[in-house]
Amino acid sequence: MNKLGIVFRNSDNRQWIGLLYVSPFIIGLLVFKMYPFLASLYYSFTDFSLLKPEKFVGLSNYIYMFTKDPLFFPALKATLLYVLFAVPGKLAFALLIAVILNVNMKFISVYRTLYYLPSILGGSVAIAILWRSMFTKDGVVNQFITGMGLPAIDWFGIPSLALISISLLSIWQFGSSMVLFLAGLKQIPKDLYEAGTIDGASKLRMFFSITFPLLTPILFFNLIMQTVNAFQEFTAAFLITNGGPLNSTYLFGLKLYQDAFQFAKMGYASALSWILFLSIMLFTVIAFKSQKYWTHYEDGGKF
Amino acid sequence: MTSLIRMGRLSFLTIFGIILIYPIIWLISASFKPLPEIFSTVNLIPSRFVITSYINGWKGSGQFGFNTFFTNSFLLVVPTVIATVLSSVIVAYGFARFRFPTKNLFFSLMIATLMLPNAVIIIPSYLLFRNLGWLDTYWTFIIPSMFATYPFFIFMLIQFFRGLPRDLDESAVVDGCNSFKILTHILLPLSKPALVSAAVFQFIWTWNDFFNSLIYINSVKKYPISLGLRMSLDTSSISNWDQVMAMSVLSIVPCLIIFFLAQRYFVEGIATTGIKG
């Protein structure tokens, strides 16, 4: 208690109690996060199926992955393409609609709710089923296309289109990012726009010199969270396209699932999960490093 | 001129909104259509309303019907939501209101786990649960949530508690409240929006969860709705789309109800606490 008195001058017993309140989290962190995290690193250096005890094999899982596994690079490529389609598409819609929605108007909250709805349902099996039925050959998407006199499209038969169809499912759920942009837009001081108007700036000009720079911190946050999620996408690839055609939608999450839980290659799948983790970390580090070139954290005083 | 812009804006938002929601409306309408009509017309109004798809779909094709899967989903989701909210509140209170050694360390670790991909811990978690004998039970969801393993909610509640003035706590101390009583009697009554947001999010996420259920729950008897739906998708080789769609509609109904009941709390809520959905 004496030692505590030195550290926190005003402290009393109440401060130690904080640790007690936080203790469920500490236990959960150690047991359900830290332990599995470190264990998967260890397993990634082992040959381990559920039937026999694990055997340390050094780097051979990683070597196999990069030199022999015929599905590793296709999975990596599909995942990167998916991230490159889905994340910018989602953020672009989220930003565009947020800017249009950011006015004082009746019923705005109705629209906001409506646009948010896909984010609520999007990850469910029901919506995966819906997507699969919509994009099949005689599905509703093709009925619209043929209705306009164009030939029907084989969405799940052509590699690039299959990837686009599952990316669209992700883009459809732009509402959650949009809500954050809206919150950011509300914080931009009105007088910046007034000053811009007096200076004769066009709306477009004001968007690029006022709105966009002030939203970059939120854009950054959305970018990180959505990319981390997109790297791990599983449900859409598993239920809608099942990885096909020609592995064009064989996302990393799907490969991980199959190796671990269908082929019981726990050691190898752990190595895969670490490559996924390192890819996400690499992206995150690059994003954080690049921040100083494009995000804007000062108040808007410079304009 | 400005009214013209307003009209333009309003019509764009409306048309775009309709396109966005069309798939959901189409799903609902398709579930009431006779089977041959589902893939032959873009019309939203069925030529005649049928509910046989609901009746037959509900019975299911195998030993267990959707009454089992629905019950299972509630048995899985409700305790998980309660455990998540309770544990997150207690932990968030600890972080928001007390200064204790190691606080900064654990706070940073919490933020770090916010970005820790589920994929990297899923295999050891599976093995851990297997050794503990929890596989094929809902404990795989409930027990981790009792230990505040959802940093998203802790962070959200910390942000909320920080917004409540500390004077409230201090006057309660003067009145002889202990710290737990301050939480339950002073802070929680003021935290309804944050608590509702957390509960709604966790309900929807757990209800819709597919990946974890697929890995942890193996026996059909214990399938939650997501696995039940997926099974009907497999066995039918899609000859009975009408039933699959009817059950899909039913599966999203609880989320829709909760979303519309709580949306005023939570679309605002996440916007003000400033974090993803």
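B:C255 has a relative accessibility of 0%, so it counts as buried. Keep in mind that everything I show you today comes from a predicted model.

Now take another cysteine, B:C177. Is it buried, partly exposed or exposed? The relative accessibility of B:C177 is 22%, and the cut-off for buried is under 20%, so B:C177 ends up as partly exposed. And how many disulfides does the structure hold? Zero, and that is over all chains.

Let's stay with chain B and zoom out. Chain B has 14 helices and zero strands. If you read the elements from the N terminus on, you just say "alpha" again and again: α-α-α-α-α-α-α-α-α-α-α-α-α-α. The C-alpha atoms fill a box of roughly 70 × 70 × 35 Å along the principal axes. Of the 277 residues in chain B, 56% are buried.

In the model, residues 105–129 of chain B are 88% helix and 0% strand, with 27 Å between the end C-alpha atoms. For residues 182–205 of chain B we get 96% helix and 0% strand, and the end C-alpha atoms lie 30 Å apart.

Next, how do helices in chain B meet? I picked two pairs.

Pair one is helix α5 (residues 103–114) with helix α8 (residues 151–162), both of chain B, and their axes are 9 Å apart. The angle between them is about 130°. What do we call that? Roughly perpendicular stops at 115 degrees and roughly antiparallel starts over 145, so α5(B) and α8(B) are oblique to each other. The crossing of α5(B) past α8(B) is left-handed. If you want to find the meeting place on screen, look for B:F107, B:M110 and B:I111, which are among the α5(B) residues there. On the α8(B) side, the residues include B:P151, B:F152 and B:F155.

Pair two is helix α4 (residues 66–97) with helix α10 (residues 179–190), again in chain B. Their axes come within 12 Å and cross at roughly 100°. That angle falls in the 65 to 115 range, so α4(B) and α10(B) are roughly perpendicular. From α4(B), the residues B:V89, B:I90, B:Y93 and B:R97 take part. They meet B:S179, B:I182, B:L183, B:L187 and B:L188 of α10(B).

The unreviewed UniProt entry lists a "domain: ABC transmembrane type-1" at residues 76–287 of chain A. That span is 77% helix and 0% strand in the model, and its end C-alpha atoms are 19 Å apart. The record also marks "transmembrane region" stretches in chain A, among them residues 20–45, 113–135 and 155–185. Residues 20–45 of chain A come out as 92% helix and 0% strand, with the end C-alpha atoms 37 Å apart. Residues 155–185 of chain A are 81% helix and 0% strand, and there the end C-alpha atoms are 37 Å apart too.

How covered is helix α6 of chain A, which runs over residues 125–135? Mostly: ten of its eleven residues are buried. Among the buried ones are A:I129, A:L130, A:W131 and A:F135.

A:L80 sits in helix α4 (residues 72–101) of chain A, and with a relative accessible area of 43% A:L80 is partly exposed. In sequence, A:L80 and A:A230 are 150 residues apart, yet their C-alpha atoms are 9.2 Å apart in space.

The other residue is A:A264, in the loop between α13 (252–262) and α14 (266–294) of chain A. A:A264 has a relative accessible area of 25%, so A:A264 is partly exposed. What does A:A264 contact, leaving aside neighbours within four places in sequence? The answer is A:F48, A:S49, A:L50 and A:D259.

Notes. Residues are numbered from 1 along each chain as its sequence is written. Chains are lettered from A and ligands numbered from 1 in the order in which they are written. This is a predicted model: local features need pLDDT of at least 70, side-chain atom pairs count only at pLDDT 80 or more; totals for chains, interfaces and linings use all residues. Side-chain values use heavy atoms; hydrogens and water are left out. A disulfide is a pair of cysteine sulfur atoms within 2.5 Å. Buried means under 20% relative accessible area, exposed over 50%, partly exposed in between (1.4 Å probe, protein chains only). Helices (H or I, at least four residues) and strands (E, at least two) are DSSP runs, numbered from the N terminus. Contact means heavy atoms within 4.5 Å. UniProt positions are given in the numbering used here, feature names are shortened, and annotations may be inferred rather than shown by experiment. Axes are lines fitted to C-alpha atoms, for helices over the stretch in contact, and angles run from 0 to 180 degrees between N-to-C directions. Angles under 35 degrees count as roughly parallel, over 145 as roughly antiparallel, 65 to 115 as roughly perpendicular and the rest as oblique. A crossing is left-handed if the near helix is turned anticlockwise from the far one by less than a right angle, and right-handed if clockwise.
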